[in-house]
Amino acid sequence: MATNISSLIVCRKVYHDHCYGIFNGQNPLKSGFPLFMLELLSIVIISNVVRFLLKPLRQPKVVSNIIGGIIIGPSVLSHSKKFRRNMFPDNAEYVVRNVGTIGFMYFLFISGVKMDVFTLRRVDRKHWIIAVVGVIVPLVCSIAVAMVERKSLPEGTEKPFSLMGITSSLAISAFPVIYPIVKEFNLVSSEMGQMALSTSIISDVIGNIGVTIFEAGKQGEDRPIGALWYMISLIVVLGAIMGGIRQAMLWIVRTTPDGKPVDQIYVITILLGVLVIGFIADMFGLAIANGPLWLGLAVPDGPPLGAILVEKAETIMTEILLPCSFMNIGTIVDFSTLSHHWSHLLPLFFIVISGYTSKMIATLITSQYLDMTLRDGLTLSLLLSLRGEVELLLFVHWMDFKFTFLVLVSMLVTALAVPVISIVYDPTRPYMVNKRRTIQHTSYNVELQVIACINDEENLHGIKRLLDFSSPTVNRRFSVHALHHVELVGRANPLFIDHEKEDGDTDQANTTSSVHKALKIFQESRGGCMKIHPYTAKSPKRTMYQDICELALTKQACVIALSLHRESSDYLEGKRGIKKQGHPSTTASVLAHAPCSVAILVDKIPYMNTFSSIMMSSEHHFVVLFLGGADAREALAFADRAAGNEAISLTVVRFLSLDNKGDDEMEKKLDDGLVTSFWVKNEGNNRSVYREVVVKNGEETLNAIRAMNSDEYDLWIVGRKQGINPVLLQGLPNWRENTELGVIGDYISSTDFSSQASVLVVQQQVLRGQEQASGCSSVCNKWWSI
């Protein structure tokens, strides 16, 4: 019997939205909502398990998500017909694909919000050269290979505009892909991280032009008039977004009071607008993902609007919607289809390999031409070769074995590149200096370069006290580089502003805060003994230490000044040495990587919004607890400088072990030399007192400190930990709660110690260049620095 195909009827079982319970004899997998919840739960659990297993291999989250999607798809679990029939019936696939598409829409919207295209005005010529070469060379190479292999290509990819779509995806470096990986591996504030982000924005601009031509050509292949309508629709939609919607968003920013959040109705309207603009873009054939990206670019980045949009949407997008996107990708990928199409995939493989390798080589050669080191050039070429969500969206045009192949290659490129980047590039490497940059080794008549780190007004109060404690004079001037740190929220590109050089810049004017105004007043009150240079750095909290260390390196600073209050979040984080996310605190990272000495003031005086201009008008008494070692010597050098002020009295207490037990001979000689020099210098000074205490263990050390506790002391000064005789601390390490302050520093700053005086903990610069091994490793280091 003949069958009329046009009248073919397909019967599908209707699924209930909800299940009335297994006790009523119903299967929850036969209801739409419970089934979707199970699918979502499965992909989240599988992806996180894969992420945990791949963590030692330094794999980014996007690789784990792709693998999680592949595992749940027909390549692994869904290869079982029973599993697929129960987990992914026809109706369920429809839901997963639509929610997955929404996930990609919000991903691109958030990426657009974070992307600051106006940074293109500030990037160097170097970035433009690398970006243009990095797009054109792989595009030309892959097109050349494609033309040679055109007759052997799979059906559907041999057309000119299809080839253009594949080759352009190989040439583009997508900012939405690179930024999450750079952020995940703490490279946002590094030199190569910032260069990769700026270069990828330029590449994205070039790529968007190419994608526009590709889409217009694709629509005009059958009907030439389709290309014209595409261009008209594109101009109208972009004009409406940039000319209308952006102006409305700027009005929202202007009408929002300083320090106040944006009204919720505006936030909800914009987030719903993502779906509206996606519908409009899809209706006009502009690609459903382009609309949300353009809308995100129209949002003014940073606080108040961009920041709150990212805060409200990023978590649900990352943890709920994007897993559905990767689950959708996984249901399409099927490795079993590859074995039957190797003859067609071989030409496609040559195109892909030529595109990726030519991009890496072109970027590497260009970086060498621009006088970058081989290490930096290789790092940049690998960063710009990373593939992820954007490529998956571009490949989704081919819903067959070609898509499976392209997804597999993209995943492998990223999976191989990221570990190599981790091996090759260390963002803290420039801070490893051999030259001494300490207070002890700086002459008294040389202007002392100080980096003062400020987070907020409470922190500013402590920094001003620390600078006052340092007692600068006309003969011993201080040059203070005050770095005001602002956590980067709602934008991707970190921002560093020198307020003295960019005085007329509009963006700079917006970042000038009450902190810098207070510092200006503070400087004026100190006469000519102190010059303050204001800076603002906006970066993620995890990479703030890189801005601090970079500034210290550039200004050849002798000391980095940090301030903690007993009740501040930074101090509480330091109690464990790590933050709740498992990453070192800013203070711990500065201590680990600083190219100079570090001084941490624990301010016990309650914060008052008052100016301490009269602080040094009265006398003050400092006490130095000298337990020996490099840090103790640096602490004594600081105190000796401060004691040059006649308003300061100084007591130095040196702790020695009974019968010199546990002493390091070299450290002992260095300690003796500095202490003797101090004593000879201050022998006739009745404001300076020196005495020694002999102890057997850590308990006696604490007893001696308790015995000397007095309300007359205004500041306790102690070295952090380097070179301390372990006998002096015997029995104490298990007691400490704050690893950043050392054992003694933590004790005298704790509530267990009744003194209300502030505490200054000092760490002398750690020379890190001397630890490199000789032989092969030194040769390799010379080779990389070429």
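Which residues in H1 meet which residues in H4? The structure is a predicted model, in which local features need pLDDT of at least 70 and side-chain atom pairs count only at pLDDT 80 or more, while totals for chains, interfaces and linings use all residues. Residues are numbered from 1 along each chain as its sequence is written, and side-chain values use heavy atoms, with hydrogens and water left out.

Leu 35, Phe 36 and Glu 39 are the H1 residues, and they meet Ala 92, Val 95, Val 96 and Val 99 of H4. Contact here means heavy atoms within 4.5 Å. By class, this contact has 6 nonpolar, no polar and 1 charged residues. Ala, Val, Leu, Ile, Met, Phe, Trp, Tyr, Cys and Pro count as nonpolar; Asp, Glu, Lys and Arg count as charged; the others, Gly among them, count as polar. Helices are DSSP runs (H or I, at least four residues), numbered from the N terminus.

Two packed helices are described by the angle between their axes and the distance between the axes. H1 spans residues 32-54 and H4 spans residues 90-114. Their axes come within 11 Å and cross at roughly 55°. H1 is therefore oblique to H4. Axes are lines fitted to C-alpha atoms over the stretch in contact, and angles run from 0 to 180 degrees between N-to-C directions. Angles under 35 degrees count as roughly parallel, over 145 as roughly antiparallel, 65 to 115 as roughly perpendicular and the rest as oblique. The crossing of H1 and H4 is right-handed, that is, the near helix is turned clockwise from the far one by less than a right angle.

H4 also packs with H7. The axes of H4 and H7 come within 10 Å and cross at roughly 75°, so the two helices are roughly perpendicular. H4 contributes Phe 107, Leu 108, Ser 111 and Lys 114; H7 contributes Phe 175, Pro 176 and Tyr 179. These residues divide into 5 nonpolar, 1 polar and 1 charged.

Two serines were examined next. Ser 190 lies in the loop between H7 (175-184) and H8 (191-219). Its relative accessible area is 3%, so Ser 190 is buried (under 20%; exposed is over 50%, partly exposed in between; 1.4 Å probe, protein chains only). The Ser 190 side chain reaches the backbone oxygen of Leu 187 at 2.6 Å. Beyond neighbours within four places in sequence, Ser 190 is in contact with Tyr 425, Pro 427 and Gln 546.

Ser 198 is in helix H8. Ser 198 counts as buried because its relative accessibility is 11%. Residues up to four places away in sequence aside, Ser 198 touches Leu 120, Val 123, His 127 and Asn 493.

Notes. Polar contact = N/O pair within 3.5 Å; in protein donor to acceptor, adjacent residues only side chain to side chain.
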